[in-house]
Structures are given as structure tokens and as C-alpha cells.
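Me: I would like to go through this model term by term, asking what each label rests on. Please set the values against the definitions as we go.

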Amino acid sequence: MSIKFSKEHEWINAADTNAAIVGITVHAQDALGDVVFVDLPAVGATFKAGDVAGVVESVKAAADVYMPVTGEIVEVNEALRDDPSLANSDPLAAGWFFKVKMSNVGELEGLMEETAYNDFAKDN
């Protein structure tokens with residue numbers, strides 16, 4: 001699977017660049033604790049890489065969800081809106097946040113592979 005990771009602790013599965021899946025990492029949900037609310041972007045909204053595309057709130061803190069690539073939101077995870085705890089219980093699958101139609105596939109090169117991300121996350 002072609003999953004990449006950002007320094008802001010998001011992951012993106014770009015197997016389908018017309019509907020690349022984005023969520024928060026295991027490290028991010030561990031740091032946040034129990035997620036109680038998510039604010040997801042509107043379908044059709046466009047963002048540049050690094051823009052804030054949503055918010056995740058836990059019992060401990062609120063954190064921005066950053067767009068790892070430039071593109072247009074094509075779908076949001078309504079199940080996550082209904083059950084924010086999915087971000088904790090299954091952050092890399094059922095707890096995904098949104099899907100994006102990527103504008104520039106080359107932006108993936110600026111993101112980390114899993115091994116590099118794991119090393120980065122230990123210190124951040």
C-alpha cells in the first residue's frame with residue numbers, strides 16, 4: 001500500500017489519486033487521547049498542502065488536521081462524525097477523515113515513508 005506520512009502526523013493513502021484517503025496517525029491519536037469530536041471539511045472545498053482542513057478534539061486537547069497534499073475534498077467520513085472514537089480504535093482504516101482528489105501527485109515525494117515517520121514520531 002502506498003501510505004505516506006506528514007510531519008503534522010497525518011497519513012495519506014494515495015493508491016487512488018482521485019480519492020486519496022487522509023487520516024491522523026496512531027501517534028497523533030495516542031497523544032490526543034480519547035477523541036470526542038471531529039470537524040471535517042466540506043465536500044468540494046479545496047486546500048493547499050499544509051492548510052488546516054479540519055479539527056479533532058479529545059478530552060485532553062484540540063488539534064488541527066492539516067492537508068498533506070493540495071487538492072479537492074471528494075468525500076468525508078460520516079461514520080467518523082457519528083462516532084469520533086473510530087479515530088482512536090482504527091486510525092489507519094475505519095477512522096479515516098476525508099478523501100482528496102490530488103492536484104499534484106509530486107507532493108507525495110515530500111512526505112515520509114512509514115519507517116522514516118516512525119523515527120520522526122519518536123522525537124515529536
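Predicted model: local features only at pLDDT ≥ 70, side-chain atom pairs only at ≥ 80, totals over all residues.

Me: Why is lysine 60 called exposed?

Reply: Lysine 60 has 59% relative accessibility and therefore counts as exposed, since the label is given over 50% relative accessible area, with buried meaning under 20% and partly exposed lying in between (1.4 Å probe, protein chains only). Lysine 60 lies in the loop between E6 and strand E7 (62–66), where helices (H or I, at least four residues) and strands (E, at least two) are DSSP runs numbered from the N terminus.

Me: What makes the approach of lysine 60 to alanine 31 a polar contact?

Reply: A polar atom of the lysine 60 side chain lies 3.3 Å from the backbone oxygen of alanine 31. A polar contact is a pair of N or O atoms within 3.5 Å; within protein, one must be able to donate a hydrogen and the other to accept it, and residues adjacent in sequence count only if both atoms are side-chain atoms.

Me: Which annotation covers Lys60 in UniProt?

Reply: The unreviewed UniProt entry annotates Lys60 as "modified residue: N6-lipoyllysine", and for "domain: Lipoyl-binding" UniProt lists residues 19–101, again from an unreviewed entry. UniProt positions are given in the numbering used here, feature names are shortened, and annotations may be inferred rather than shown by experiment. Over residues 19–101 the chain is 19% helix and 41% strand, with the end C-alpha atoms 5 Å apart.

Me: How do you know that E6 and E7 pair?

Reply: E6 and E7 are joined in the antiparallel sense over 5 bridges, and two strands pair if DSSP finds at least two bridges between them. Among the residue pairs, valine 56 has alanine 63 in E7 as its bridge partner, and glutamate 57 has alanine 62. E6 and E7 form a hairpin with 3 residues between them.

Me: What makes E4 and E7 the edge strands of their sheet?

Reply: The open sheet of 3 strands has the order E4-E6-E7, with antiparallel pairing, and E4 and E7 are its edge strands, each pairing on one side only. E4 and E6 are joined by 4 bridges, and valine 35 stands opposite serine 58 in E6.

Me: What order do the strands of the open sheet of 6 strands follow?

Reply: That sheet has the order E1-E2-E3-E9-E8-E5, with antiparallel pairing, and its edge strands are strand E1 (3–5) and strand E5 (46–47), each pairing on one side only. Within this order, 4 bridges join strand E2 (residues 10–13) to E3, and tryptophan 11 stands opposite glycine 23 in E3.

Me: Why is asparagine 77 called buried?

Reply: The relative accessibility of asparagine 77 is 4%, so asparagine 77 counts as buried. Asparagine 77 sits in the loop between strand E8 (71–76) and helix H2 (78–82), and a polar atom of its side chain lies 3.1 Å from the backbone nitrogen of alanine 79. Leaving out residues up to four places away in sequence, asparagine 77 touches Leu40, Ala94, Gly95, Trp96 and Phe97.

Me: Which residues have the most contacts inside the largest nonpolar core?

Reply: They are Ile12, Phe97, Phe98, Val100 and Met102, in a core of 27 residues. A nonpolar core is a set of buried Ala, Val, Leu, Ile, Met, Phe, Trp, Tyr and Cys residues joined through side-chain atoms within 4.5 Å. Apart from it lies another core, of 7 residues, among them Ile3, Phe5, Trp11 and Trp96.

How values were computed: Residues numbered from 1 in each chain as written. Heavy atoms only, no water. Contact = heavy atoms within 4.5 Å.
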